[in-house]
Amino acid sequence: MLSEQIRSFLEAPRFAVLATINLDGTPHQSVVWYDVQGDEIMMNTAEGRVKFKNVERDSRISVCIEDGYRYLTITGTAIMIDDQAVAQADAAILATRYFPQEVADAWVTKFQSQQRVTLRMTIDRVVTYGCDE
């Protein structure tokens with residue numbers, strides 16, 4: 001589902017805006033780190049946050065990733081993994097993706113004091129503008 005051009009766009013450590021559905025049906029958005037792993041988008045959060053509660057209740061999510069006027073939106077379903085060995089390892093992968101090792105290590109230390117959850121997003125639909133040229 002992801003073309004080579006889209007994968008190339010996603011490889012840059014840009015931030016994604018994750019949209020989840022609040023209990024009252026309104027959207028909730030938050031900026032997140034992500035990584036493309038095969039045909040899934042991997043994200044990570046702390047247990048108890050609004051996005052965690054929303055995905056726990058309704059697994060439909062969307063992310064938007066932009067670079068000026070180039071952007072893409074991916075819609076799909078999230079699977080939550082609360083196994084701490086997996087979630088902490090995924091958090092470390094993301095920290096290393098976005099920061100030099102010394103800074104990433106500080107993030108990993110912070111994450112170790114939290115109950116982390118990995119969100120693995122299946123990709124149902126991709127909409128792009130300027131990313132697949």
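How many bridges join strand β4 to strand β7? Let's find out in this predicted model, one close-up at a time.

**View 1. Strands β4 and β7 run antiparallel.** Seven bridges join β4 (residues 40–46) to β7 (residues 116–129).

**View 2. Seven strands form an open sheet.** Follow the order β2-β1-β5-β6-β7-β4-β3, where the pairing is antiparallel. At the edges stand β2 (27–32) and β3 (35–37); each has a single partner strand, so one side of each lacks a neighbour in the sheet. On average, neighbouring strands are turned by 35° against each other, direction ignored.

**View 3. Helices α1 and α2 lie across strands of the model.** Helix α1 (residues 4–11) lies across β3, β5, β6 and β7, at about 80° to β6. Helix α2 (residues 50–57) runs at about 50° to β1, and β1 is one of the strands that α2 lies across.

**View 4. Tryptophan 33 and phenylalanine 111 form an edge-to-face pair.** Tryptophan 33 sits in the loop between β2 and β3, and phenylalanine 111 in helix α4, 78 residues apart. Tryptophan 33 is buried at 14% relative accessible area, and phenylalanine 111 is buried at 6%.

**View 5. Phenylalanine 99 and tryptophan 107 are stacked.** Here the centres lie 5.9 Å apart, with 20° between the planes. Phenylalanine 99 is partly exposed at 27%, as is tryptophan 107 at 29%.

**View 6. The charged end of arginine 14 sits over the ring of phenylalanine 9.** The distance to the ring centre is 4.0 Å.

Conventions. Residues numbered from 1 in each chain as written. Predicted model: local features only at pLDDT ≥ 70, side-chain atom pairs only at ≥ 80, totals over all residues. Heavy atoms only, no water. Pairing = 2+ DSSP bridges. Helix = DSSP H or I, 4+ residues; strand = E, 2+ residues; numbered from the N terminus. Axes fitted to C-alpha atoms, helices over the stretch in contact; angles between N-to-C directions. Contact = heavy atoms within 4.5 Å. Phe/Tyr/Trp six-rings, centres within 6.5 Å; stacked < 30°, edge-to-face > 60°. Buried < 20%, exposed > 50% of the residue type's maximum accessible area, 1.4 Å probe, protein only. Lys NZ or Arg CZ within 6 Å of the ring centre and 35° of its normal.
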